[in-house]
Amino acid sequence: MKLETDLLFLRDYVMSDLENFYRLKSCREVWNYSTFIPVFDTATAKNELKNLISKQTADGMGFCALFSKSSGEYIGEAGILSCNTNADRCVIGYNLLPSFWGNGYATDISKRLIKYAFENLNVERVEALAMKNNVASCRVLEKSGLILEGVLKHFTKVRGEYFDVCYYGLTRGDYFEKN
Ligand SMILES: CC(C)(COP(=O)(O)OP(=O)(O)OC[C@H]1O[C@@H](n2cnc3c(N)ncnc32)[C@H](O)[C@@H]1OP(=O)(O)O)[C@@H](O)C(=O)NCCC(=O)NCCS
């Protein structure tokens, strides 16, 4: 997948992204609100990147590499993580390196992913999940136009503790009413 906004450029990962991929996967701060366990050796990161790329080749789903258009720097990752082809719905997600937080990048790429899902993949519904205490991510989803549909109590377990998860969604009808 290749997508652009005024600020950002998103493309499929390739193996030569390993150094950037490892920087993201080994940054503890990025994974505070996630079940993902940071990776601290390049061999494991290489394997994860390889698996991600083969899944992407098979079904087109998964995180893609995100770059700044102006500087060409790697910012993090975003993408359509999964698609339920029976019900025509998909899940979006993003993870950015801390030095790029607070610039509106996650909102920018989320809006673009939502547009792509409705206008190119022709889905009926776009969804996203964020831990309730991940205030920044919940804010991103709200700013992107997704609606908070419910809070799933103790839906996830991170480092031995249960957390509530906010479930966001937007239907095709609601999207095209506003766009
Ligand atoms: C969550 C994340 C993607 C946000 O990226 P970002 O590019 O900084 O997001 P944006 O700049 O588009 O928007 C962030 C919003 O959250 C707000 N925000 C950030 N931290 C906040 C906090 N602690 N309390 C309240 N609001 C907060 C910002 O002010 C901004 O809202 P505003 O525009 O109304 O001021 C980024 O912090 C990240 O990658 N975190 C680690 C990985 C992660 O949590 N991924 C998502 C898993 S669901």
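Start with the ligand and the shell of residues around it: 11 are nonpolar, 7 polar and 1 charged. (Ala, Val, Leu, Ile, Met, Phe, Trp, Tyr, Cys and Pro count as nonpolar, Asp, Glu, Lys and Arg as charged, and the others, Gly among them, as polar.) This is a predicted model, where local features need pLDDT of at least 70 and side-chain atom pairs count only at pLDDT 80 or more, while totals for chains, interfaces and linings use all residues. For your selections, residues are numbered from 1 along each chain as its sequence is written.

Stay on the ligand. It has 19 residues around it, and the closest are Leu96, Ala106, Thr107, Ala136 and Arg139; a residue is near the molecule if its C-beta atom, placed from the backbone, lies within 6 Å of it. Now colour strand S5 (89–96), helix H3 (105–119) and helix H4 (135–143), each of which supplies at least two residues of the shell. H4 gives the most, with 5 residues. (Helices, H or I with at least four residues, and strands, E with at least two, are DSSP runs numbered from the N terminus.)

Next, the sheet. Select its 8 strands: the sheet is open, with mixed pairing and the order S1-S2-S3-S4-S5-S6-S8-S7. Two strands pair if DSSP finds at least two bridges between them. Strand S1 (2–4) and strand S7 (147–158) are the edges, each with a single partner strand, so one side of each has no neighbour in the sheet. On average, neighbouring strands here are turned by 25° against each other, direction ignored.

Zoom in on S3 (residues 64–68) and S4 (residues 74–84), which pair in the antiparallel sense over 4 bridges. Ala65 stands opposite Glu77 in S4. Turn to S2, and you'll find Arg11 opposite that Ala65 in S3; S2 and S3 run antiparallel and are joined by 4 bridges. Then click on Gly72, in the hairpin of S3 and S4: there are 5 residues between the strands, and Gly72 takes a positive phi near 80°.

Leu7 is the next stop, in the loop between S1 and S2. (Buried takes 20 or more other C-beta atoms within 10 Å of its own, exposed 12 or fewer, and partly exposed is in between; C-beta atoms are placed from the backbone.) Leaving aside neighbours within four places in sequence, Leu7 is in contact with Ser68, Lys69, Tyr105 and Asp108, contact being C-beta atoms, placed from the backbone, within 7 Å. Draw a distance from Leu7 to Asp108: their C-alpha atoms are separated by 7.9 Å, though the two are 101 residues apart along the chain.

Finish with helix H1 (residues 18–25) and helix H2 (residues 42–59), which pack at an angle of about 110° with their axes 10 Å apart. That makes H1 roughly perpendicular to H2, a label for angles of 65 to 115 degrees (under 35 is roughly parallel, over 145 roughly antiparallel and the rest oblique). Axes are lines fitted to C-alpha atoms, for helices over the stretch in contact, and angles run from 0 to 180 degrees between N-to-C directions. Show Leu18, Phe21, Tyr22 and Lys25 in H1, which meet Thr42, Ala45, Lys46, Glu48 and Leu49 in H2.

Terms used
Two residues are in contact if their C-beta atoms, placed from the backbone, lie within 7 Å.
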